[in-house]
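Me: I am new to this structure. Please take a close look at one part of the picture, the charged side chains, and explain it in one connected answer.

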Amino acid sequence: MTFNSLQYLIFFPIVALLHFVIPTKYRWIMLLAASYYFYMSWNPNLVFLIAFTTIVSYAAARLMERTENKTAKKAYLIVTLVACLGVLFFYKYFNFLSGTVTGLLRLFRLPVQDYFLDLILPVGISFYTFQTLSYVIDVYRGSIPAERHFGYYALFVSFFPQLVAGPIERPQNLLPQLKAEHRFNTDDLREGLKIVLAGFFKKVVIADQLATYVVAVYSNPEAAAAPAIVLATVMFTFQVYCDFSGYTDIAVGCARIMGIRLMQNFNLPYMSRSISEFWTRWHISLTSWFQDYVFYPLATNKKLSRWARKLGKKYNNRRIGVMLPQFIALFITFFLSGLWHGAAWTFVLWGCMHGVYQIVGKLTERGREAVCEKLHIDRDTKFWHAVQIFVVFWLGVFALIFFRANSVHDLGILLRNLFTDWRFLGTLDTLQIDEAGILTAIVSIVCMSFVDRLLVQGYRMRPLGNGGTLLRAETAGYLLMAIVVAWLILLAGDGAAAFIYFQF
């Protein structure tokens, strides 16, 4: 059952209605049953995985809270990490690691056979695993108390709007809302519907249409010249954004209709003026997770800091002692972020590129400031901001070639053609697109930009030049028309395409 399916259009209204009809103290039972039904609609045989992760993390947190022994607390934490990450590793990374090891052994001419297991990747496993780990780590740190009610905790892990592809919620935000009383509210309904409609517009009208052109190039890299690769990757840049942010919008909107507010996961990322700013605007819930549980612990590690200071003294460079721990933490964080996105070296290389981008950015920051001062460039002008946005956008586009390539072999072909084959003739044929398709894509992306700004601004009433106001009804009407078009396209086509981030 996907959000863009007829089953969900029947499922959600029923759940939302029951949400407001059933008494608060029994409502968690209905929501938990609905969430597990939603998850089991993908593959009922894998429901034991989310149940196992939930039970282990719940029990570990309760045991931590009952003891003052630091060693025992750490043992419970380690058991949880091993159990939850072990399940994630086995189902998502076992075949990847097996293939990597056999490949390395063959480089040394050792006669080894491939060993792969016939595993099904459980949908959403990366998301709910990280959500449970954030809860257990926060309990271990003493940031939050352990949840005593198992039902509410199980609902926190499996809450169906954000279960499959986020946002990755923190217990401090979601658990209290699941326990609170929610009465039907027309403002929540109106705002939730707007966000849902915007999500469908981005997914069905933009992402699904751009996907056909992107696949045409990336499924046959040998035939793609540089112009086709550039155009396809720019299209993929908007496809992956509209696909993922579209899912998030639908999740946030559905929860909002029920009176529950999920965290913002995107904030106009393609308007970023630096790579570090991009990662405060893109997949915010994942970025903040890695920041809190990977980057900060590594960057402030005492042993790493002492080693860096000694290295700085050895080379008489104080900056080494200050910045090296941050650089190491950054690189490891983005290496893991790439690996989180998929069990392939293409994803790892993409993550590493973003880590290198940020390290180079910090290393050259003073130099760039000095050059601007020497050339009398005002860095606060709109023109300079536009230049920064342009550069960051194209750095991101280039990195996405690594992300989208189907294999390292295909990646090599794409990069070779990108730098050696600039034949413009036949570009549209390679993309399997015509001039009307390009115009449609451009208009859709412009409309997406308008919709996104409305979402970020919170659909506030804004004054116009003539003293009037942009009425909420006009906004709702625009989005309603967009979703009508989206559903017409969907129903006239071959069916609903799955969301990209379901595979992560």
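Reply: **Charged side chains**

Arg309 is found in helix H13, which covers residues 302-314. The model is a predicted one. With a relative accessible area of 45%, Arg309 is partly exposed. Together with Lys302, Lys303, Arg306, Lys310 and Lys313, Arg309 forms a positive surface patch.

Other charged side chains are paired: a search of the whole structure finds 15 salt bridges. One of them joins Glu147 and Lys179, at 2.5 Å from N to O. This pair links distant parts of the chain, 32 residues apart. Glu147 sits in the loop between helix H5 (125-141) and helix H6 (150-158), while Lys179 belongs to helix H8 (residues 171-179). Glu147 counts as buried because its relative accessibility is 8%, under the 20% limit. Lys179, at 36%, counts as partly exposed.

Helix H9 (residues 186-218) holds both Arg190 and Asp187, three residues apart, or about one turn of the helix. Their side chains form a salt bridge of 2.4 Å, N to O. Both partners are partly exposed, Arg190 with a relative accessible area of 32% and Asp187 with 41%.

Asp188 also lies in helix H9, and Arg261 is in the loop between helix H10 (226-257) and helix H11 (275-281), so their pair ties together parts that are 73 residues apart in sequence. The N to O distance in this salt bridge is 3.9 Å. Asp188 is buried at 13% relative accessible area, whereas Arg261 is partly exposed at 48%. Salt bridges with shared partners join Asp188, Arg256 and Arg261 into one network.

Note on methods:
Residues are numbered from 1 along each chain as its sequence is written. This is a predicted model: local features need pLDDT of at least 70, side-chain atom pairs count only at pLDDT 80 or more; totals for chains, interfaces and linings use all residues. Side-chain values use heavy atoms; hydrogens and water are left out. Patches are made of residues with over 30% relative accessible area and no salt bridge: like charges are joined within 9 Å, nonpolar side chains (Val, Leu, Ile, Met, Phe, Trp, Tyr) within 5 Å. Accessible areas come from the Shrake-Rupley method with a 1.4 Å probe; for residues, only the protein chains shown count as cover. A salt bridge is a side-chain nitrogen of Lys or Arg within 4 Å of a carboxyl oxygen of Asp or Glu. Lys and Arg count as positive and Asp and Glu as negative; His and the chain ends are not counted. The place of a charge is taken as NZ of Lys, CZ of Arg, CG of Asp or CD of Glu. Helices (H or I, at least four residues) and strands (E, at least two) are DSSP runs, numbered from the N terminus. Buried means under 20% relative accessible area, exposed over 50%, partly exposed in between (1.4 Å probe, protein chains only).
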